[in-house]
Amino acid sequence: MIIVSPSILSADFANLSSELQVMKNAGAPWAHVDVMDGHFVPNISIGVPVVASLRKATDLFLDVHLMIDTPIKYAENFCKAGADYITIHIEADTRENIRKILELIRSLGVKPGIVVKPKTPAEAIAEYLPMVDMVLVMTVEPGFGGQKFMPSSIAKCEYLSRKKQELGLDELIIEVDGGISAANARLLFDAGAEALVAGSSVFGAENQEQAIIDMLNS
Ligand code: DX5
Ligand code: ZN
């Protein structure tokens, strides 16, 4: 399975409905939604009401990436707003709370995921793999679109791919996020990634639909 999840962080926020339609027409099954609180990352983006509105506007899977402190406070509201996947950062809370939130997300009928920043080793999330539907490997420091891909993330995808096989977690999706385009998509697929998040390479392209198609075909 190969999935492109365009990040609406680089889309035109005044025209999200039509941007979602472009994504759908190009064959992207998901929309990646970056939630930033100005504390966990040095930037502010969007919150629960926007996710609720996106839910009404599209049947694309909403892949919600929470870059926020104390996600335990807000996860339930994002579930109720209509997220399909919710990924939380391992760096954002205690190990005990991380477990609690993952369980809470699943109990609300939403698919839980766990994310690692570039400086966090992939081994740190190994214990959560049987609890989640997705692991997200950041391939840039979270906070901003348009940054350069960090090649050190390749080894992390390979490690997680090996773990996935060892544990027989066939349904677990490995996602990557940051600096991704058709130029490095193949490298990431070969390392075991199946879902590619792409913001600026899609919404900054002259032909957005073609940019998505090129990634899917790479
Ligand atoms: C960065 C976000 C990414 C971002 C990716 O903190 O998590 O999802 O939108 O943007 P590009 O593809 O431009 O690196
Ligand atoms: Zn993201």
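How close do the axes of α1 and helix α8 (residues 208–216) come, and at roughly what angle do they cross? The views below are of a predicted model, in which local features need pLDDT of at least 70 and side-chain atom pairs count only at pLDDT 80 or more, while totals for chains, interfaces and linings use all residues. Residues are numbered from 1 along each chain as its sequence is written, chains are lettered from A and ligands numbered from 1 in the order in which they are written, and side-chain values use heavy atoms, with hydrogens and water left out.

**View 1. Helix α1 against helix α8.** The two axes come within 8 Å and cross at roughly 40°, the axes being lines fitted to C-alpha atoms over the stretch in contact, with angles running from 0 to 180 degrees between N-to-C directions. α1 and α8 are therefore oblique to each other (under 35 degrees counts as roughly parallel, over 145 as roughly antiparallel, 65 to 115 as roughly perpendicular and the rest as oblique). Glu 19, Val 22, Met 23 and Asn 25 of α1 meet Gln 208, Glu 209 and Ile 212 of α8, where contact means heavy atoms within 4.5 Å. By class, these residues divide into three nonpolar, two polar and two charged.

**View 2. Helix α1 against helix α2.** The axes of α1 (residues 16–25) and α2 (residues 48–57) come within 10 Å and cross at roughly 55°, which makes α1 oblique to α2. On the α1 side the contact is made by Leu 16, Ser 17 and Leu 20, and on the α2 side by Val 50, Leu 54 and Ala 57. This contact has five nonpolar residues, one polar and no charged ones.

**View 3. The zinc ion (ligand 2).** His 32 (NE2), Asp 34 (OD), His 65 (ND1) and Asp 177 (OD) coordinate the zinc ion at 2.1 to 2.3 Å, donors being N, O and S atoms within 2.8 Å of the metal (3.2 Å for Na, K and Ca). The six donor atoms subtend angles of 70 to 170°, which makes the arrangement octahedral (six donors, with opposite ones over 155 degrees apart and all others between 65 and 115). Because His 32 lies in strand β2 (residues 30–36) and Asp 177 in strand β7 (residues 173–177), the pair ties together parts that are 145 residues apart in sequence.

Methods: Helix = DSSP H or I, 4+ residues; strand = E, 2+ residues; numbered from the N terminus. Nonpolar A, V, L, I, M, F, W, Y, C, P; charged D, E, K, R; others polar. Tetrahedral: all angles 85-135°; square planar, octahedral: opposite > 155°, others 65-115°.
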